[in-house]
Amino acid sequence: MNSVADKLVNAKEKTRPLVTSWTRAQQRHDSLMRWVFVGSAALVSAIIFSIIVFVGMQGVKTFADVSPLEFFFSTDWTPTSNSFGALPFLYSTLLLTLLSVVLAVPLALSGALFMAKIAPKWMREILRPATDLFVGIPSVVYGLIGMTFIVPLLGRMTGGIGYGILPAAIILAVMIMPTILSISEDALRALPGRLEEASLALGATRWQTMWRVLLPAARPGILTGIILGMGRAIGETMAVFMVIGNSPQMPKSLLDSTTVLTTAIVKDMGNTNYGTTWNNALYLMALVLLVISLALILFIRIVAKRSELK
Amino acid sequence: MNSRVTDKLATVYFWVSGIAIIALLAAFLIRILGDGIPHLSWHFLFGRPEEIVAGGGVGPQLFNSFYILFLSLLISVPIGVGAGVYLAVYAQKSKFTDLVRISVEVLSSVPSIVFGLFGFLLFANLLGLKFSILGGAATLSLLNLPVLVRVTEEAIRTVPESYWEASLALGSTKWQAIRKVLIPAALPTLITGITLVAGRALGESAILIYTAGLSVSRFFPDFNPLKMGETLSVHLWYIQAESLVPDAKNIAQGSAALLLIVVLVFNLLVGIPSRILQKRLTGGK
């Protein structure tokens, strides 16, 4: 009556799980680490909130001395005589961003269609690292190219100095092109194959298929790419600083020296003391930049939700 | 013009635009490297910068670039990987998870100059770090953070579900499974991601002007993280915009070439460590 089976049957009370101090330590570590992970996730949220709060609080102080009306709608920026009109910066930022997107989109979309549908494998293997490398080039290096090559070229062509929105837009277009390209390409690749097959089966050529079927179908993804590109263009600082001329005035032409929000901050931050109205106005500009990039992200989420519903 | 001719023309157009993109990059690289490499010398790479006379080097700036990069990764990798693991492993569909995801997205779209101002307010002013290497590194780590979170989450999601289930089925705790199974299996992808982040952080300048400052320590190399620490990319901007040295253009071109070479090396290196690891993890297959 002493077989192994009998022992197991009669040993009910002995088969409790073996809980040693080592096991308990592991379980303690487990619950501790769970909180570490939750904590680092919470920290990421806390960081973005504190950025908004810190920059916002400092920026809003400007309104103690400057009316919102003046800040957003006056074109007179002479802080030394207490005029804080930021309209030229807002206007130039908008113009620069739109122009750079307009310059970047055609090449980016052509590149995306080329990579997604036409290019053979070896060509893709050259193009993909090439677009990655575009993203990797530091923005000061882009700025230097603009300063030593594009600005003199434009100057010679027009007889002016060559600084202004146009060279900045050209540089920015090159910088945001890879962003738009790679996101659009992903969107094109993610389309179900039946769309393309049905179009080709109806006798459409490859070009007709791409232009009438694939591009419209990939519109939400392409839009996301363009908006992310816009975000990069709005926030870019150093490359723009080196080619835009930095006069605080409304640009009369695309080759007139002007200032955008980001470069206004860089230019004046070193000359102002912390706590002065001038300094606070710079924080207010940073807050405007922050609000714009928040709005762009929300817009992308809405676009994504819409296309999911369809 | 019939549709077939249009199609042919379109194909030609797409090839031209694809080649144009590559040609553009090649022109950029040739221009920067061609202009800059002649200025690179032993003295330029390791010499001290000059304020007024020609012939200054960028030694301290080069050192500071890597020092700040190292410190910023030291700060951001644990937090970024932690948050990424949370999103990949623990996150359920909840308000908190949504909040974290939106935060990561918003954080990755914040313009770098805004990080710079925030860093100036928090680290330089409130915490009293002044313009310092530590303040710069801490601010720079904010830029790295969202990318690291995303990279970690994606890397862990590429590990097959069965690894995770098998580990738990053997009685491991979640932490044991993360530490001994998920992270080692995701390591090659993770390292690729971190290398890309490092390459990007190395070229960043707008963040560092008003957090790490525009001058360098009198000693070289100076490991004191509370000293000012101008980096190479900030130096490239500074020397063009404000400096008085007569050979500013040469120094700028040399620095640009140097930066580009470092970025190229980072981009080329991306594949190597992960490939070696892959080999070791899969037993040489």
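Colleague: How many residues of chain A are in contact with chain B, and how many residues of chain B with chain A?

Modeller: In this predicted model, 68 residues of chain A are in contact with 66 residues of chain B. On the side of chain A that touches chain B, the elements that give two or more residues include H2 (21–60), H4 (87–118) and H13 (277–309) of chain A. The largest share comes from H2(A), with 20 residues.

Colleague: How does that side of chain A divide by class?

Modeller: The side of chain A that touches chain B has 47 nonpolar, 17 polar and four charged residues.

Colleague: Which elements make up chain B?

Modeller: Chain B has 12 helices and zero strands. The C-alpha trace of chain B spans about 70 × 70 × 40 Å along its principal axes. Of its 285 residues, 47% are buried. Among contacts in chain B between residues at least 6 apart in sequence, 74% join residues at least 24 apart.

Colleague: What span should H5(A) have?

Modeller: At 1.5 Å a residue, the 16 residues of H5(A) should span 22 Å, and the end C-alpha atoms are 23 Å apart, which agrees.

Colleague: Which residues of H5(A) are buried, and against what do they pack?

Modeller: An α-helix has 3.6 residues a turn, so residues three or four places apart point the same way. In H5(A), the buried residues are A:Leu127, A:Thr131, A:Phe134 and A:Gly136. These buried residues pack against H4 and H7 of chain A, together with H1 (3–36), H8 (174–203) and H11 (248–269) of chain B.

Colleague: Which residues touch the most other members of the largest nonpolar core?

Modeller: In soluble globular proteins, nonpolar side chains tend to be buried together. In this model the largest nonpolar core has 174 residues, of which A:Met285 and A:Ala286 touch the most other members. Helix H7 (residues 165–189) of chain A gives the most to this core, with 17 residues. Leaving aside neighbours within four places in sequence, A:Met285 is in contact with A:Ala86, A:Phe89, A:Leu261, A:Ala264 and A:Ile265.

Note on methods: Residues numbered from 1 in each chain as written. Chains lettered and ligands numbered in written order. Predicted model: local features only at pLDDT ≥ 70, side-chain atom pairs only at ≥ 80, totals over all residues. Helix = DSSP H or I, 4+ residues; strand = E, 2+ residues; numbered from the N terminus. Buried ≥ 20, exposed ≤ 12 C-beta atoms within 10 Å, placed from the backbone. Contact = placed C-beta atoms within 7 Å. Core = buried A, V, L, I, M, F, W, Y, C linked by C-beta atoms within 7 Å. Nonpolar A, V, L, I, M, F, W, Y, C, P; charged D, E, K, R; others polar. Expected span 1.5 Å × (residues − 1).
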